[in-house]
Amino acid sequence: MGMDFRIIRDRISILAGTTPRRLWNLFLTVTSFYWSRLTGVVWHAGMPLSLSVEPTTSCNLRCPECPSGLRKFSRNTGMMNLDLYQSIIRQTGKDLWYLLLYFQGEPYMNPHFFDFVRMARERRIYTATSTNAHFLNPENARKTVESGLNRLIISLDGIGQEAYAAYRVGGRYQRVIDGIRNLIQARKELKSHTPHLIVQFIVFRTNEHQLDEAKELCRDLGVDELQFKTAQINDYRNGNDLIPTIDRYSRYRRLPDGSYIFKNSLPNRCYRMWSGSVITWDGLVVPCCFDKDASHRLGNLSEAEFGEIWTGVLYDRFRKQIFASRSSIEICRNCTEGMKL
């Protein structure tokens, strides 16, 4: 699905939240990153341009490469409350351009989800989320449109129940299709073009033969955008039945001895450490979405304001470690930052 008007409209709609303060923050962030990259001397300025906030770690599915699905978190599980969320928005909202209401878990399981969206939209922050669509009944679809959510990513990793459930264990393919239809119907009824609807298709060996079918299905349904995504495999070195055979859609390369290596060269830099951050449901601040188990805890919002954590010793030390030896950091060794299909 090409770069049609709907995709362009979505990409530029983030500019609707432009303010002098956000523009200045953008300038500080970009300038300090490239200064650090060019000089090798780590300097950071500005607040996050984007933020991922985790509504919950709970999930109704059992996906085999996901800690939520496997129920294998070493950190606490639970749901973010309104007080913490309000505090996050208060501390970061004036500088923020983009808010992703997702990290681990199924966001729609948090009863405050629609309140989260509305509170961010009131501050003209572009909001997005990612869902397995099992909770997109007609009522929730309508609430989603009414909330002002800018972007909705729906995971559909297989066409038909068998291919879909090969990874989305416990999921119902038809419920996802119904959820997509409910959302599109709600948009029509409310005369809204938002949320921009993206179907995300993670390419596995179990579904790599269905790429053309996925394109045809999304055209028939009226989806705004289809994105094929490479799969993150936790234990890939000795191979895994989920790794696709199509090289373009694999993050890993098979060696002559049968083992696998990660394709990315892992340069000693990472723009995400300047531009974005992740906050778990209980207020832990972690560097990025690859730290699913919050093994690199850079601060806790119950103990300090976000700005103190963002400019604090632990964050500074982590950024310097990225510039010195990114490959020495476990969560970076399976990271796609810098990779292109």
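This is a predicted model: local features need pLDDT of at least 70, side-chain atom pairs count only at pLDDT 80 or more; totals for chains, interfaces and linings use all residues.
Visitor: Why is E216 called partly exposed?

Guide: Its relative accessibility is 47%. Buried means under 20% and exposed means over 50%, with partly exposed in between, so E216 at 47% counts as partly exposed. On the surface, E216 gathers with D212, E213 and D220 in a patch of negative charge.

Visitor: What makes that patch negative?

Guide: Asp and Glu count as negative, and the patch consists of D212, E213, E216 and D220.

Visitor: How do you know that L15 is exposed?

Guide: The cut-off for exposed is over 50%, and L15 has a relative accessible area of 52%, so the label exposed applies. L15 sits in the loop between helix 1 (5–13) and helix 2 (20–39). Together with I8 and I12, L15 makes a nonpolar surface patch of about 280 Å².

Visitor: Why is the contact between D4 and R6 called a salt bridge?

Guide: The rule asks for a side-chain nitrogen of Lys or Arg within 4 Å of a carboxyl oxygen of Asp or Glu. For D4 and R6 the closest N and O atoms are 2.9 Å apart, so the pair meets the rule. By this rule the model has 16 salt bridges.

Visitor: What makes the salt bridge of D224 and R6 a tie between separate parts?

Guide: The side chains of D224 and R6 meet at 3.4 Å, N to O. D224 lies in the loop between helix 9 and strand 6 (225–230), whereas R6 lies in helix 1, so the pair ties together parts that are 218 residues apart in sequence.

Visitor: Is D224 buried or exposed?

Guide: Buried means under 20%, and D224 has a relative accessibility of 3%, so D224 counts as buried. R6, at 25%, is partly exposed.

Visitor: How do you know that the buried residues of helix 6 line one face?

Guide: The buried residues of helix 6 (residues 138–147) are N140, A141, T144, V145 and S147. Seen down the helix axis, they fall within an arc of 165 degrees, so they line one face. The face turned away from that buried side carries the exposed residues P138 and E139.

Note on methods
Residues are numbered from 1 along each chain as its sequence is written. Side-chain values use heavy atoms; hydrogens and water are left out. Patches are made of residues with over 30% relative accessible area and no salt bridge: like charges are joined within 9 Å, nonpolar side chains (Val, Leu, Ile, Met, Phe, Trp, Tyr) within 5 Å. Accessible areas come from the Shrake-Rupley method with a 1.4 Å probe; for residues, only the protein chains shown count as cover. The place of a charge is taken as NZ of Lys, CZ of Arg, CG of Asp or CD of Glu. Buried means under 20% relative accessible area, exposed over 50%, partly exposed in between (1.4 Å probe, protein chains only). Helices (H or I, at least four residues) and strands (E, at least two) are DSSP runs, numbered from the N terminus. The arc is that of the directions from the helix axis to the C-beta atoms.
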